[in-house]
Amino acid sequence: MLNSGTTKYINPVRFSTSLTVIALTLLCISVAVAHGVDANTMQFLQANQGVALGPFMYIGAKHMLTGYDHLLFLLGVVFFLFRTRDILIYVSLFTLGHSLTLFFGVLDNLSVNAYLIDAIIGLSVVYKGFDNLGGFQRLFARQPNTKIAVLIFGLFHGLGLATKLQDFDLPQQDLWKNLLAFNVGVEIGQFLALLFIVILLNFWRRFNSYLSFAVLTNTLLMAAGLVLFGYQMTGYLGNAQ
């Protein structure tokens, strides 16, 4: 809280600077690990032959908690949402979108180039930062339906998850059970991540620096999304040659 003239401008700036450093760190990490599958997970997925609800739930939660493209997008979604009801609505739309394409994308063998889908996910982060900065109103004098946009980008995020799972030759028998467990794990990971993000934002909102650094924060979101987009497109073009 703001108690005296000597601390009024020091603590918020220090906090905001720390947040900026964290955001830049996440930006660098996101390029390296977004949608990544570690060696132990890869070995399990390749060797598993039956229903494994617990492990798939764990893998889903772990994937969400280390999927910084997902987390950056969610940060953008909730950044200017101050009511719990609004947060629940937007997160539910995102959850609906990525659950549908995750589940049916794998079951129907919907094949999409992993680099392209991850590039679109990077653009979703750019979109949200741009939207939070009021870019659509300033440049186009109109505002897209934010709820529909979050739902649509949720479909792409889920398709990204489905594409990664299809890299492995998962047994078809009772596959839906493992997918359901994986999706439940994703939702658990998403809840834990959002809980941390919302607590952090609510704490920061006590200070005047929240709005002062809103432009910087959302500019960093756009930068992170552009880096992810460029990284994935470089991979796509490199593999196309």
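In this predicted model, helices α5 and α9 run roughly antiparallel to each other, because their axes cross at roughly 155 degrees and angles over 145 count as roughly antiparallel. The two axes come within 11 Å. The crossing is right-handed. From α5 come, among them, Ile87, Val91, Phe94, Leu102 and Val106. From α9 come residues including Trp176, Leu179, Phe182, Val186 and Leu194.

Stay on α5 and find threonine 101, which sits in this helix. Is threonine 101 buried or exposed? Its relative accessibility is 16%. Buried means under 20%, so threonine 101 counts as buried. Its side chain has a polar atom 3.2 Å from the backbone nitrogen of leucine 159. Leaving out residues up to four places away in sequence, threonine 101 touches Val106, Gly154, Leu155, Gly158, Leu159 and Ala162.

Now turn to the nonpolar cores. In soluble globular proteins, nonpolar side chains tend to be buried together. Here the largest nonpolar core has 27 residues. Which residues have the most contacts inside it? They are Phe73, Val77, Val78 and Leu201. Helices α4, α5, α6, α8, α9 and α11 each supply at least two residues of this core. A second, separate core has 20 residues, including Phe56, Phe168, Leu179 and Val186.

Setting aside neighbours within four places in sequence, phenylalanine 73 is in contact with Phe94, Ser124, Val125, Lys128, Val150, Phe153 and His157. Phe94 also belongs to the α5 side of the contact with α9.

Conventions: Residues numbered from 1 in each chain as written. Predicted model: local features only at pLDDT ≥ 70, side-chain atom pairs only at ≥ 80, totals over all residues. Heavy atoms only, no water. Core = buried A, V, L, I, M, F, W, Y, C linked by side-chain atoms within 4.5 Å. Buried < 20%, exposed > 50% of the residue type's maximum accessible area, 1.4 Å probe, protein only. Helix = DSSP H or I, 4+ residues; strand = E, 2+ residues; numbered from the N terminus. Contact = heavy atoms within 4.5 Å. Polar contact = N/O pair within 3.5 Å; in protein donor to acceptor, adjacent residues only side chain to side chain. Axes fitted to C-alpha atoms, helices over the stretch in contact; angles between N-to-C directions. Parallel < 35°, antiparallel > 145°, perpendicular 65-115°, else oblique. Left-handed = near helix turned anticlockwise from the far one by under 90°.
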